Amino acid sequence: MLVYDGDCGFCTASVAVARRLLRPACEFTPWQSADLASLGVPRERAEYEALWVTPDGAVHGGAQAVARLLLRTGGGWAVLGAVLARAPVRWIAHAAYRVVANNRQRLPGGTRTCAVPARRPHDAHSRP
């Protein structure tokens, strides 16, 4: 399952593109309607980054959520996902994700409600 910010126009538009282009076999759920407690995800983390939640409860955030989505899609997309999941590309992907996430209110479809919290939330309750 990919958990995203359903109040953010940029995020919602990105999910629509992913659904249309990738057609992954997964659920897309806005964090605002997800049972975050049962997923083991603090609200602060869901506000901060997109999350990929596996059936066994592992949670991957940000660029790694995108990588997991691509891996789940299969084909050439899975190759790209595998590359994004490996160091040193993983570090670059993380930095790029943070730049996009921190500026999503300025991107097409973004509004002031798209702004992310200034600091990374404590995510000790989530699994890597």
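The model is predicted, so local features need pLDDT of at least 70, side-chain atom pairs count only at pLDDT 80 or more, and totals for chains, interfaces and linings use all residues. Residues are numbered from 1 along each chain as its sequence is written, and side-chain values use heavy atoms, leaving out hydrogens and water.

**Fold.** The protein chain holds 6 helices and 4 strands. Both are DSSP runs numbered from the N terminus: helices are H or I with at least four residues, strands are E with at least two. Along the sequence the order is β-α-β-α-α-β-β-α-α-α.

**Surface.** Of the 128 residues, 41% count as buried (under 20% relative accessible area, 1.4 Å probe, protein chains only). The chain exposes about 7,300 Å², and carbon and sulfur atoms supply 59% of that area (Shrake-Rupley method, 1.4 Å probe).

**Largest pocket.** A pocket is an open set of points on a 1 Å grid over the protein atoms alone, where a 1.4 Å probe fits, with protein on both sides within 12 Å along at least five of seven lines; lining residues have an atom within 4 Å of a point. The largest has a volume of about 650 Å³ (the space filled by probe spheres set on the points). Of its 27 lining residues, Phe-10, Ser-14, Val-15, Val-66 and Tyr-97 are the closest to its centre. Helix 1 gives the largest share of the lining, 8 residues.

| Lining class | Residues |
|---|---|
| Nonpolar | 23 residues |

Methods:
Buried < 20%, exposed > 50% of the residue type's maximum accessible area, 1.4 Å probe, protein only. Nonpolar A, V, L, I, M, F, W, Y, C, P; charged D, E, K, R; others polar.
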